[in-house]
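Dear colleague,

Please find below the sequence and structure that I am handing over to you. My findings follow directly after them.

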Amino acid sequence: MATHRAPVRSFSTSVDIPAERRTKINKVLNQHLADSFDLLSQVKQAHWNVKGSDFWQLHKLFDEVAERVEEWVDELAERVTALGGYATGTVRMAAASSTLPEFPTDITDSMDYVKAVVARVSAFTNSAREAIDETDKLGDANTVDLFPEISRCADKYLYFLEAHLQD
């Protein structure tokens, strides 16, 4: 769970959303920035360490997922700054603020890697769905529009991953 929060900073902007609401929206965005940066590193951990007869396909799948998550990191950070906020996006900031569980280091079976990635992608995509409602209540249609795309794409990768676990 999150143990550290970076101080809230803001900058002047001509965006017509009131500052109080922008601060709340940026809090949601920065939380997802931390979670997505953490997810990126954890999926890369699986990508680097997976072994077994299905190594190549999982190695490639994990890398594809990580590449997409990296795009979300950038989109979320840029939305924060577009709203006059300060993107808290270092690795240390992400690790301190992420809501995702730590990646297990004691697994060796390839399907255990898939299960670990599934757990983290599902937590992330479920949180992104919650962010749709949160940012909608705060009246920011552009941020609302960002989260469905992230969620849809994460759901697709969740499907690709879970297919490896189904008979």
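Predicted model: local features only at pLDDT ≥ 70, side-chain atom pairs only at ≥ 80, totals over all residues.

Leu33 is located in helix H1. Which residues is Leu33 in contact with, once its neighbours within four places in sequence are left aside? They are Val73, Leu76, Ala77, Ala87, Thr88 and Gly89.

**How H1 and H2 pack**

Helix H1 covers residues 19–49 and helix H2 covers residues 55–82. The axes of H1 and H2 are 8 Å apart and form an angle of about 160°. Because angles over 145 degrees count as roughly antiparallel, H1 is described as roughly antiparallel to H2. The crossing of these two helices, H1 and H2, is left-handed. As for the kinds of residue in the contact of H1 with H2, 16 are nonpolar, six are polar and four are charged.

**How H2 and H4 pack**

Helix H4 comprises residues 110–137. H2 and H4 pack with their axes 12 Å apart, at an angle of about 20°. Angles under 35 degrees count as roughly parallel, so H2 is roughly parallel to H4. The crossing of H2 and H4 is left-handed. On the H2 side, the contact involves Leu58, Phe62 and Trp72; on the H4 side, it involves Ser110, Met111, Tyr113, Val114, Val117 and Phe124. Of the residues in this contact of H2 with H4, eight are nonpolar, one is polar and none is charged.

**Helix H5**

Helix H5 runs from residue 141 to residue 162 and has 22 residues. From its first C-alpha to its last, H5 reaches 32 Å, close to the 32 Å expected at 1.5 Å a residue.

Which residues of H5 are buried? They are Thr143, Val144, Leu146, Phe147, Ile150, Ser151, Cys153, Ala154, Tyr157, Leu158 and Leu161.

Yours sincerely

Technical notes
Residues numbered from 1 in each chain as written. Heavy atoms only, no water. Helix = DSSP H or I, 4+ residues; strand = E, 2+ residues; numbered from the N terminus. Expected span 1.5 Å × (residues − 1). Buried < 20%, exposed > 50% of the residue type's maximum accessible area, 1.4 Å probe, protein only. Contact = heavy atoms within 4.5 Å. Axes fitted to C-alpha atoms, helices over the stretch in contact; angles between N-to-C directions. Parallel < 35°, antiparallel > 145°, perpendicular 65-115°, else oblique. Left-handed = near helix turned anticlockwise from the far one by under 90°. Nonpolar A, V, L, I, M, F, W, Y, C, P; charged D, E, K, R; others polar.
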